[in-house]
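Please look over the sequence and the model shown below before reading on.

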Amino acid sequence: MKTLSIVVVLTLFAAFAWSLLPTPPRADAEQGSGGHARHAGDPTALADGTVLSVDRAASIVTISHGPLLNLGMPPMTMGFGVGDPALLGRIKAGDKVRFHAHAIGGAFTATSIEIAN
Ligand SMILES: [Cu+2]
């Protein structure tokens, strides 16, 4: 009987100690798609592209882009909405850019764009 209680106590202690261990970095799968926190500041989430056109009135920039890793999107040419029109700054057709895009409310939206000419 005494042996059994020692085993129980040790098991409880081990479980408790385990719960105190620092949590290792979590896999992407736990973050859901389009999560901001996961790749905020993550340089690997920046994509390369070439601006084909800028529609300031509609806040849409059309970019021929490389792979968008955070969106699982292959290279293609497409329009991105821009949440903040100020992001478009001096960007013009022909500029090489590095940018970051999210799927926001089902719309692909550029959340940062920098000229990389
Ligand atoms: Cu695309």
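**Briefing on the predicted model**

Ser59 is found in the loop between strand 1 and strand 2 (60–65), where strands (E, at least two residues) and helices (H or I, at least four residues) are DSSP runs numbered from the N terminus. This is a predicted model, in which local features need pLDDT of at least 70 and side-chain atom pairs count only at pLDDT 80 or more, whereas totals for chains, interfaces and linings use all residues. Residues are numbered from 1 along each chain as its sequence is written.

**Overall make-up and confidence**

- The protein has two helices and five strands, and from the N terminus on these elements follow the order α-α-β-β-β-β-β.
- The mean pLDDT (the predictor's confidence in each residue, from 0 to 100) of the protein is 79, and 62% of its residues reach 70 or more.
- Confidence in the protein is highest in strand 2, at a mean of 98, and lowest in helix 2 (residues 36–39), at a mean of 48.
- Over residues 25–37 the pLDDT stays under 50, and for this stretch the model has five contacts beyond four places in sequence, a contact being two residues whose C-beta atoms, placed from the backbone, lie within 7 Å.
- Where pLDDT is low, the predicted coordinates should not be read in detail.
- Among the contacts in the protein with a separation of 6 or more, 44% are between residues 24 or more positions apart.

**The barrel and its strand pairs**

- Five strands form a closed barrel in the order 1-2-3-5-4, with mixed pairing, where two strands pair if DSSP finds at least two bridges between them.
- From one strand to the next the twist averages 55 degrees, with axes taken as lines fitted to C-alpha atoms and angles running from 0 to 180 degrees between N-to-C directions.
- Strand 1 (residues 47–55) and strand 4 (residues 96–104) are paired in the antiparallel sense over four bridges; here Gly49 stands opposite Val97 in strand 4, while Thr50 has Lys96 as its bridge partner in strand 4.
- Strand 2 and strand 3 are joined in the antiparallel sense over six bridges, and Ser64 has Thr77 in strand 3 as its bridge partner.
- Strand 3 and strand 5 pair in the parallel sense over two bridges, with Val82 opposite Ala110 in strand 5.
- Strand 4 and strand 5 (residues 107–115) pair in the antiparallel sense over eight bridges, and Phe99 stands opposite Ile113 in strand 5.
- The hairpin of strand 4 and strand 5 has two residues between the strands, and in this hairpin Gly105 takes a positive phi near 55 degrees.

- Buried residues (20 or more other C-beta atoms within 10 Å of their own, against 12 or fewer for exposed ones and a count in between for partly exposed ones, with C-beta atoms placed from the backbone) make up 17% of the 117 residues in the protein.
- Not counting residues up to four places away in sequence, Phe99 touches Leu46, Ala47, Gly49, Ile63, Ala110, Ser112 and Ile113.

**Loop residues**

- Ser59 has a phi near 55 degrees, a positive value in a residue other than glycine; most residues other than glycine have a negative phi.
- Ser59 counts as partly exposed because it has 18 C-beta neighbours inside 10 Å.
- Ala86 has its place in the loop between strand 3 and strand 4, and it counts as exposed because it has 8 C-beta neighbours inside 10 Å.
- Ala86 and Arg56 are 30 residues apart along the chain, and their C-alpha atoms are separated by 9.3 Å.
- Leu87 is also found in the loop between strand 3 and strand 4, and Leu87 is partly exposed because 18 other C-beta atoms lie within 10 Å.
- Leaving aside its neighbours within four places in sequence, Leu87 is in contact with Val82, Ala110, Ser112 and Ile113; the C-alpha atoms of Leu87 and Ala110, which are 23 residues apart along the chain, are separated by 8.6 Å.
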